[in-house]
Structure formats: structure tokens, C-alpha cells
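Student: I would like a close look at a single part of this model. Please keep it brisk.

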Amino acid sequence: MADVILAISALSCMILIFTAGYHLIRRAVQASKFLIYALAALILISTIGIMAGCSTTNQPTSETISSNSGLNTTKEQQDLNQQKNQSQTGNNDKQVNNKATGTLKVHFIDVGQADAILIQLPSGHNILIDAGNNSDGNLVVKYLKKNGVKKLDHVIGTHPHEDHIGGLDAAVKNFKVGKVYLPRVTHTTKTYEDLLIAIKNKGLKVTEAKGGLKLDVGMEVTAELLAPNSTGYEELNNYSAVLRLSFGNTSFIFTGDAENVSEAEMLRAGYNLKANVLKVGHHGSSSSTSPAFLKAVSPKYAVICVGKDNDYGHPHSEILYDLATAGIDVFRTDQQGTIIATSDANTVTFNKKPSEVKVRTANTGTINPKPASSTNISPSATSPSSGVAIACIDLKTEITTIKNNSEAAVNISGWRLVSEKGNQEFTFPSGTTLAPGETIKITTGPNATAGSGVLVWTTENIWNNDGDPGALYDSSGKLVSRYPR
Ligand SMILES: [Zn+2]
């Protein structure tokens, strides 16, 4: 529009000047008439000037607009503006996607029977979850430095057990630290004290780790704590801070040593638990990774941070069985060393090939979810009728764990747990029922104490530390499960 007016004005201006000039030359006009023509010409010239100025101010917009088409009508301009807005929205989407580019790296550092996880965000920020045992502090610090870490923006001590916070004081001392998160529970060990002193000496304050807390990690990644969700637990493991990260189409869940109790709370709280990668809870112990929790997470990959030949029999065979039968690729620090998962916002890749496992069931022969076999696992000879099995007999702590792997509740009243070497047996009291996925512990020895889900057999030592198989018989006397197989 402005161009058309400009052209008309310029043309009129020229005509006026020519007319004035012509009259002047011909001297056929009075001076006053000439002045009127000249004044009109002046007004027109200044109008053109103003319009040209305006048109210069508008230039970037008109240029952007007219680069698509020549505009003549208001309607067209509206259409174009609309197109332009749409394309800007498109750009915004693109920007959002662009933000989800870059690389997110998760290092499951091999610290033996312990956890230490470094997360390098695409923004360059770092999160450290746990740092192994006391003796692993230097190893973890070295590993972080080797990987270019200068600052730990978020440090999470999942729970006060030494295999998680042992090396954390060294990490706090050696790096700049943003925020430190710990669950609200005290622990009277020197390890825990050392950590609190290191935090205090750095002038840092502890942020309480609890379900629902969002970590400020920038735009491209979301990080939220999903646990703990209660203020008190019998088992320290259930205080574990659980972190879920999502980056583009990929997501990770880090569970510390959270056990079934905490898992059930996360399920009840209705959190989005879905994740491509699951850091398996409690080093693959049957106390964690309940069927319902595993189903909610539905990971494609699982990483187990665990030490070779550890005292606890981790990872427990039934957890390996559950992971394998669900078609989940399993990575293990005891077999493969440090595992690095890399996300490009769309897919997750690993620096190692998954651990190859072959699963054998008691009665149905072999389920073979993996082509080759380096580990044979079985669900502890689970009776197909009940699904209940001995998950673990810890000879040292004298704790036997029995789990219901089935989808239905099983009444185990009158069932017997037998120590085969000493031929001692414990009979389950009437009214003992295991819900789907539920575990029950039977403790023996001088430290045996009853609690929720814990039964005391005797305060005598029952299990021979040099190896002592256990057997579980149902009320009809049928062998249900043996451990180890
Ligand atoms: Zn642990």
C-alpha cells in the first residue's frame, strides 16, 4: 500500500513543479500563483519524506513478509501474518526439539558392591548419585576428573549406608558443589559424620531429598525425585532418594537401594515411573524390583551395580529371571565394569554389550531370551503351582528371604523352611499369606528381631557359614524351592 501512495505522491509532486516552472518561464502568472504551486510542491515533498521514513522503519517486517509474495490487500497481509505466526510457532517447536539435542551421559562407575553414578547433562551440568564405599572415594574423584568434571551441580546421597555415601565426602571436598540432597534420616556412623562435616566445611546446606522435589537442571532435561515418600521406615534402604530423569524421548530411573515398601509408595503416589533405563534397586536384591514396579517402569535396559562374589548373593536369581523374561537387556558392573549409557534425546546406547543370560525354569525346560549363555539363572526351582521361592539365604546375617513371584496371594501357613545341613526346620505360623510380589524374612541368630515382614525362627545360629542349603516345603510336604540350586 505504502509503495503505491509514494509513487502517486512523487508523480503529483513532479507535475506541480513542472507546472510552476512552466508558468514562471512563460511569466504568464503572477508571483503569488507561483508561490502556491511551490508551497503545494513543498508539502508533497515533505509528505513523501515522512512516508519514506515510515516505510524504512517497517522495512524488516515488510521484507520478511514480501519475501514470500507481493502483497496488495489487507486480507493478504492478514493471511501472511497468520502464516508467519504459524511458522514462528513451528520454529518454537523446533527450538524445543533443538533444546532436546546434545548428549546426556550416565556413568555407572564400577565401585564393586556399591553405587556411584555420574550424570553429565547436555547443558554441561553434572549430577553425582552416591560415590561408593569409603575406599572408593579417590577412585570416584579420579574418574570424575578424567571425565572433565569441574563442578558437581547436584550431589545426591541416596541413603546413609556406607556403600552409597562412603566416598561422597571425598567428592564434596574435591569439587565445586552446587546442591547436596540427603533423605531426612540420621545415622550414627563415622562415614555419615564425615560426609556431614565435608558438607559443612564447604559452607553448604543439605536439601532434603523427598518425593516430588524437582531439581533445577535447565530446560532440556527434567529431573524429579520420586522417593522417599514417608517420614519413617524400618529399613534404612527405603529412605533411598529415587531420581527420574527425562531427556527428549529417553528417560532413566535411579532407585538407590529402595525396596518393595518404597516402590509400592511410588506406585500409589501415581508418579510417572516409565523409563528406558532402570538402575536396578539394591544391587539386584529380591527385596527390590517387585513385579508391579518393574511393570510400571517397563525399561528396555537395566543396570545392576554389584560386586563380584559379594556376601549377599546379589543379584538374586529371581530378579535376573524377572528381567530376562521381560526381555530387558541387563548390564552388570561385576561382569562388565563401568557401564556408560548415552542418550541423544531419542535413543540410548551403551559402551558395552548387554550381559548374556539364559533362563531355565524348573519344569518347562529353557526359556532363552538371549542367544548365547554366560550365566545360567533359574527362579530358584519355583513350584509352578505357587510361585513362592527362597530368594536368598544370607548365611552371615542369618536372614532368609522368601518371595511370592506369582500374580496371586499365597497362603504359606504350615509351610516349612529347612536348614539341610543341621536338619533344623521352621514352620510358618497360621495366617501367613504373601501378597503378589511380597517378600517375608525369617531371621535367626542372636540378633534376630521381629518386625514388619520379618519373623524370628530362633536366636540360635542356624545357617552354616561354609555353605548350607535351605529348602522350602509346602503344607502337603512337597518341595517348593531350594537355595542355592
Ligand atoms: Zn547398597
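Student: How many bridges join strand 27 to strand 28, and do the two run parallel or antiparallel?

Tutor: Four bridges join strand 27 (residues 470–473) to strand 28, and the two run antiparallel. Strands are DSSP runs of E, at least two residues long, numbered from the N terminus. Two strands pair if DSSP finds at least two bridges between them. This is a predicted model, in which local features need pLDDT of at least 70 and side-chain atom pairs pLDDT 80 or more, while totals for chains, interfaces and linings use all residues. Residues are numbered from 1 along each chain as its sequence is written, and side-chain values use heavy atoms, without hydrogens or water.

Look across the pair. Leu 472 faces Ser 481, which belongs to strand 28. Now widen the view. An open sheet of four strands has the order 23-22-27-28, with antiparallel pairing. Strand 23 (424–427) and strand 28 (479–483) are the edges; each has a single partner strand, so one side of each lacks a neighbour in the sheet. From one strand to the next, the twist averages 20 degrees. Such angles run from 0 to 180 degrees between N-to-C directions, with axes as lines fitted to C-alpha atoms.

For contrast, turn to helix 11. Helix 11 spans residues 317–325, and eight of its nine residues are buried. Helices are DSSP runs of H or I, at least four residues long. Buried means under 20% relative accessible area, exposed over 50%, partly exposed in between (1.4 Å probe, protein chains only). Among the buried residues are Ile 319, Leu 320 and Tyr 321. Asp 322 and Leu 323 are buried too. Just past helix 11, Gly 327 has a positive phi of about 75 degrees.

Last, the zinc ion. Asp 163 (OD), His 164 (NE2), Asp 257 (OD) and His 283 (NE2) coordinate the zinc ion at 2.0 to 2.1 Å. Donors are N, O and S atoms within 2.8 Å of the metal (3.2 Å for Na, K and Ca); water is not among the atoms, so sites may look incomplete. Along the chain, the donors are spaced D-H-x92-D-x25-H. Their angles run from 83 to 152 degrees, and the site is irregular. Four donors would count as tetrahedral with all angles between 85 and 135 degrees; four count as square planar and six as octahedral if opposite donors are over 155 degrees apart and all others between 65 and 115; anything else is irregular. Two of the donor residues are worth a check. Asp 163 has a relative accessible area of 15%, so Asp 163 is buried. His 164 is at 0%, so His 164 counts as buried as well.
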